[in-house]
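Here is a short briefing for a first look at this structure. Keep the view open while you read.

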Amino acid sequence: KTCDVHCHISHDQSLVPKADAVVMELVNHYKFYGMDTKLPIPWPHSDEKDLLLGLFHYESEEEYGDKITKNREVMNRIDFTVIPKPNADLPITLVCNWGFPEK
């Protein structure tokens, strides 16, 4: 899969109200605060328009990724995924067997 959308990537949170989409690396929320955290996720929002929210991470499902994708409360807010799964909206990989071409 490829993404044909040209994106401006920034870590500047002041740009959120003008953004069309925000990609969040939510795995860090669990890494830093624990899997059973009651600390709410600081969901971005815009009063100017509807934001698309994307989920990004490189971690394997066994490590942390599965905890997020099986969390209905989180996934109900996510519009697209950029994760290391072949069925992701934009699958990514560092090293795994489905990332290599067949011989």
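Leu26 sits in the loop that links strand 1 to helix 1 (27-33). The model is a predicted one. Is Leu26 buried or exposed? Leu26 has a relative accessible area of 4%, and buried means under 20%, so Leu26 counts as buried.

**Contacts of Leu26**

- Setting aside neighbours within four places in sequence, Leu26 is in contact with Ile41, Trp43, Leu55, Phe56, Ile68, Val74 and Ile78.
- Leu26 and Gly54 are 28 residues apart in sequence. In space, their C-alpha atoms are 9.7 Å apart.

**The nonpolar core**

- The largest nonpolar core has 17 residues.
- Which of its members touch the most other members? They are Leu26, Trp43 and Val74.
- Strand 1, helix 1 and strand 2 are the elements that give two or more residues to this core.
- Trp43 touches Met24, Leu26, Leu53, Val74, Arg77 and Ile78, leaving out residues up to four places away in sequence.
- In soluble globular proteins, nonpolar side chains tend to be buried together.

- How many strands form the open sheet? There are three, in the order 1-2-3, and the pairing is parallel.
- Strand 1 (21-24) and strand 3 (80-82) are the edge strands, and each pairs on one side only.
- From one strand to the next, the twist averages 25 degrees.
- Strand 2 (residues 52-56) pairs with strand 3 in the parallel sense, over three bridges.
- Gly54 has Phe80 as its bridge partner in strand 3.
- Strands of a sheet pair through backbone hydrogen bonds, either parallel or antiparallel.

- Val23 touches Gly54, Phe56 and Phe80, not counting residues up to four places away in sequence. Two of these, Gly54 and Phe80, are bridge partners.
- Val23 and His57 are 34 residues apart in sequence. Their C-alpha atoms are 9.8 Å apart in space.

**To take away**

Methods
Residues numbered from 1 in each chain as written. Predicted model: local features only at pLDDT ≥ 70, side-chain atom pairs only at ≥ 80, totals over all residues. Heavy atoms only, no water. Pairing = 2+ DSSP bridges. Helix = DSSP H or I, 4+ residues; strand = E, 2+ residues; numbered from the N terminus. Axes fitted to C-alpha atoms, helices over the stretch in contact; angles between N-to-C directions. Contact = heavy atoms within 4.5 Å. Buried < 20%, exposed > 50% of the residue type's maximum accessible area, 1.4 Å probe, protein only. Core = buried A, V, L, I, M, F, W, Y, C linked by side-chain atoms within 4.5 Å.
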